[in-house]
Amino acid sequence: MKRAIPVVVLSIAGLVPVWRYEPSLGTTTTEASTPASTPSSSSGTSSGTVVKGTLVNTEKGPVQVQVTFDGDKITAVKMLQQPNHPQTTAAVPQLVSETLEAQSADIDTVSGATITSGAYKESLQAAIDANGEASATSPSPTQSPTSETVTGSTVNTEKGPVQVQVTLEGDKITAVKMLQQPNHPQTTAAVPQLVSQTLEKQSADIDTVSGATITSDGYKESLQAALDAKAA
């Protein structure tokens, strides 16, 4: 019996590590993402001018769109608020697709989502109107080329010197002024015709005015020199 006691003691001692390292049955915690209060849908590119439409309250819930414009072109539409309803969720992609195709709020109502469709179009139209007003009050710096005035060479003729001055916007001739011309009735009568032809043809390749051949040739030579100077 005395030998049995150590064996029992050792057996109990050997079980202690097993008890101490028994697996824990604790719980695992994961973080759940909070769903958005309203789903959103968008389509198209995101670069450009972004304009929010008005918030339209409906019996199904609020509706508001955000529109991205490239100038007057609608490039993307995003729903900021919409009713949390399956029919609305299904309807929004159709409404956005029609908007990008029609480039306006003149689109069809989606069957089964009449209320959302009406509010969508109202908010969309408000965004389009706001973008139009902003474009009208903020002209683009590249809207029109910078005007440039170029003086042609002085051409001495037997009737007197001829010299023109040309105003251009880009490559377009917008005005021609005679700096020097012969003091002669036929020249005086010919100059308006020469200028009119120049503005029409946008070059020095114009007809000679009958009765003012010398002045016409001097005018065309000075005009061409001005155009060449601009091109250079």
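Trainee: Helices here are DSSP runs of H or I with at least four residues, strands are runs of E with at least two, and both are numbered from the N terminus. With that settled, where is Q103 found?

Mentor: In the loop between α2 and α3. This is a predicted model, so read everything that follows as a description of a prediction.

Trainee: Buried, exposed or partly exposed?

Mentor: Q103 counts as partly exposed because its relative accessibility is 29%.

Trainee: And what about Q202, which loop is that in?

Mentor: Q202 sits in the loop between α4 (185-201) and α5 (213-231). Q202 is not a glycine either, and its phi is positive, at about 55°. With a relative accessible area of 29%, Q202 is partly exposed.

Trainee: Back up a bit. How many helices and strands does the protein have?

Mentor: There are 5 helices and 9 strands. Along the sequence the order is α-β-β-β-β-β-α-α-β-β-β-β-α-α.

Trainee: What is the mean pLDDT?

Mentor: The mean is 81, and 76% of the residues reach 70 or more.

Trainee: Which element has the lowest mean pLDDT, and which the highest?

Mentor: Helix α1 (residues 4-20) has the lowest mean, 44, while strand β3 (residues 56-57) has the highest, 96. Over residues 4-40 the pLDDT stays under 50, and the model has 8 contacts beyond four places in sequence for that stretch. Where pLDDT is low, the predicted coordinates should not be read in detail.

Trainee: OK, the strands. What does β4 pair with?

Mentor: β2 and β4 pair in the antiparallel sense over 4 bridges, with K52 standing opposite Q66 of β4. β3 and β4 are also antiparallel, over 2 bridges, and V56 has V63 in β4 as its bridge partner. Then 7 bridges join β4 to β5, again antiparallel. In that pairing Q66 stands opposite K78 in β5.

Trainee: What do the hairpin turns look like?

Mentor: The hairpin of β3 and β4 has 4 residues between the strands, and G61 in the turn has a positive phi of about 140°. The hairpin of β4 and β5 has 2 residues between its strands, with G71 at a positive phi near 70°.

Trainee: Why is β4 described as largely enclosed?

Mentor: Because 7 of its 9 residues are buried, β4 is largely enclosed by the rest of the structure.

Trainee: How many residues are in α3, and how far does it reach?

Mentor: Helix α3 (residues 114-137) has 24 residues and reaches 35 Å from first C-alpha to last, close to the 34 Å expected.

Trainee: So which residues have the most contacts inside the largest nonpolar core?

Mentor: V65, V67, V77, M79, Y120 and L124, in a core of 21 residues. The elements giving two or more residues to this core are β4, β5, α2 and α3.

Trainee: What is V67 in contact with?

Mentor: Leaving aside neighbours within four places in sequence, V67 is in contact with T49, V50, V51, I74, A76, L124 and A127. Apart from that core lies another, of 20 residues, with V150, V162, I173 and L223 among them.

Trainee: What does T174 touch?

Mentor: Not counting residues up to four places away in sequence, T174 touches T167, L168, E169 and L199. T174 and S147 are 27 residues apart in sequence and 8.7 Å apart in space, C-alpha to C-alpha.

Trainee: Last one. What share of the protein is buried?

Mentor: Buried residues make up 31% of the 232 residues. The accessible surface comes to about 14,700 Å², and 51% of that belongs to carbon and sulfur atoms. Of the contacts with a separation of 6 or more, 45% are between residues 24 or more positions apart.

Conventions: Residues numbered from 1 in each chain as written. Predicted model: local features only at pLDDT ≥ 70, side-chain atom pairs only at ≥ 80, totals over all residues. Heavy atoms only, no water. pLDDT = per-residue confidence, 0-100. Contact = heavy atoms within 4.5 Å. Expected span 1.5 Å × (residues − 1). Buried < 20%, exposed > 50% of the residue type's maximum accessible area, 1.4 Å probe, protein only. Pairing = 2+ DSSP bridges. Areas by Shrake-Rupley, 256 points an atom, 1.4 Å probe, with all protein chains shown as cover. Core = buried A, V, L, I, M, F, W, Y, C linked by side-chain atoms within 4.5 Å.
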